[in-house]
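Walk through this model with attention to the contacts that hold separate parts of the chain against each other.

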Amino acid sequence: MKTLAALALLVSTSVQAAPADEARTLLEKSVGFATVKGRGQGLAYAEFLRGELLAMGFAPADVTLTAKGDESRLHAVWRGTGEKPPIAIISHMDVVEAKAADWTRDPFVATAADGLLFGRGVADNKFDLSMSLTAIASLRREGFKPGRDVHLFFSGDEETDGLTAAPQALEAKAAGVVMVLNTDAGGGELDDAGRPLGYGLQAAEKTYADFTLQLTGPGGHSSRPTGDNVITRLSAAAARIGGHKFPVARSPITRGMLAEQARRRTDALGGQIKALLANEQDAAAIAALTADPGTVGLIRTTCEPTIFEAGHAPNALPQRASLIVNCRILPATDVKAVQATLAELAGDPAITVKPVSGWPATPASPLTPEITGAVRKAVQARFAGLEPTPDMSAGATDSVFYRAQGIPSYGVSGLFMRSADAFAHGLNERVPLAAIAPAVEHWRTLIRETAK
């Protein structure tokens, strides 16, 4: 005869298994939509998700699909009691390109093997999109009524042009949204034994900015060099920019990130991080962190030449040369000041330096007790005693558009995985199957705590 405790465990397990199965099914179906720019499946996936929301019981008037191919976007509202101002959960529906010939498996067919689920977008960003939607579905079934409206914003081109999130941020502002939970940032890391190494609560990100440097000249026959070659001159400028080290700067968020790395690391770099935390002018520590790709972005703005184009014929002196420089700029750093630095480094008044693209420059979002408490509760439900650490992304997410509207935005992914399994944007992208059930519960807790 089973004990009452054993029966309770069986009931609990069966209740938890259903949302996990739902989440896996939704994730596998989502991977099947090749939502890559130019493939024409962005609208189809948005329509699929709209159908899922309507099946959950969302009113048709509360689910708005703005249809424009790969730039389609979706907005849904889960109506609450209105006791508190609204919040939002954001995700992006698109993925980066994946060529089937390069993959071990078809990238747009979700495939399970060796305890992992493979497919393009299975991590970025369809994992947490699916987990958060499943959590909402299960909470609605249980009768949970939020004390505030919960807006869902799904953008269609985060990986490319970023055109759909900006109007969604304006919609959020108009609706009075006061906080955003971003499914596309943050998250936890596991060691090889499945033990937690840490959890990052993303509250800031570096500003993405591209600049073009251009130089023109009269050209001429290559057999009669003039000593004034635009390729030579612009190449020298590229070398100066590539060798430049922007000033070291740290914020409370990056200091927290470094402190967490110092706690976890036992290698020589961990010692250098500790030295830097003890003395922010430690030249050896600064040099060590600058030389490491994993830490250089935490301590300074970086600008790297990425595209060089020049010349029009192999037997002619070039008449034009252009260079793209990609910068990842620390929050609170003036983008125009970075542009001025590039012009100074170019060292040639004939070289023009102009911004060609860039997302908004935004400050860090405040780490309030409301968000830190909710994230702590969600994380510690899985790993007792694990403290979330403030995190800054080196790349850009849709959060920048919301922060630009004055709405605090936080990356709070429910995905824990080994760094060795992190292949987002790369070959054979995968997530652990064991990550699905706890991620759904992570989102259930976050939504209950922030929307109550």
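Buried here means under 20% relative accessible area, exposed means over 50%, and partly exposed lies in between. Keep in mind that this is a predicted model.

Start with the disulfide. The count comes to 1. Cys303 and Cys327 form it, with their sulfur atoms 2.1 Å apart. The link of Cys303 and Cys327 is right-handed, with 115° about the S-S bond. Cys303 lies in strand E12 (residues 302-310) and Cys327 in strand E14 (residues 320-329), so the pair ties together parts that are 24 residues apart in sequence. Are these cysteines buried or exposed? Cys303 has a relative accessible area of 4%, so it is buried, given the cut-off of under 20%. Cys327 is at 0% and is buried as well. A disulfide is a covalent bond between the sulfur atoms of two cysteines.

Next, take strand E9. It spans residues 196-205. Of its 10 residues, 8 are buried, so the strand is largely enclosed by the rest of the structure. Which strands pair with E9? One is strand E8 (residues 187-190), joined to E9 by 4 bridges. E8 and E9 run antiparallel. Gly188 stands opposite Tyr199 in E9. The hairpin of E8 and E9 has 5 residues between the strands, and there Gly194 takes a positive phi near 85°. Another partner is strand E16 (residues 389-393).

Now the charged side chains. Side chains of opposite charge can pair when their charged atoms come close. The structure holds 29 salt bridges.

Look at Arg73 and Glu171. They form a salt bridge whose closest N and O atoms are 3.4 Å apart. The pair links distant parts of the chain: Arg73 sits in strand E2 (residues 73-78), Glu171 in helix H4 (residues 165-175), and 98 residues lie from one to the other. How accessible are the two partners? Arg73 has a relative accessible area of 18%, so it counts as buried under the 20% cut-off. Glu171 is at 27%, so it counts as partly exposed.

Move on to Arg444 and Glu142. Their salt bridge has its closest N and O atoms 2.9 Å apart. Arg444 lies in helix H13 (residues 436-451), while Glu142 lies in the loop between helix H3 (126-141) and strand E6 (150-155), so the pair ties together parts that are 302 residues apart in sequence. Arg444 is buried, at 11% relative accessibility.

Then find Asp228 and Arg233. Their side chains meet in a salt bridge at 2.6 Å, N to O. Asp228 has 40% relative accessibility and counts as partly exposed. Arg233 has 25% and is partly exposed too.

Methods
Residues numbered from 1 in each chain as written. Predicted model: local features only at pLDDT ≥ 70, side-chain atom pairs only at ≥ 80, totals over all residues. Heavy atoms only, no water. Salt bridge = Lys/Arg side-chain N within 4 Å of Asp/Glu carboxyl O. Helix = DSSP H or I, 4+ residues; strand = E, 2+ residues; numbered from the N terminus. Buried < 20%, exposed > 50% of the residue type's maximum accessible area, 1.4 Å probe, protein only. Disulfide = S-S within 2.5 Å. Pairing = 2+ DSSP bridges.
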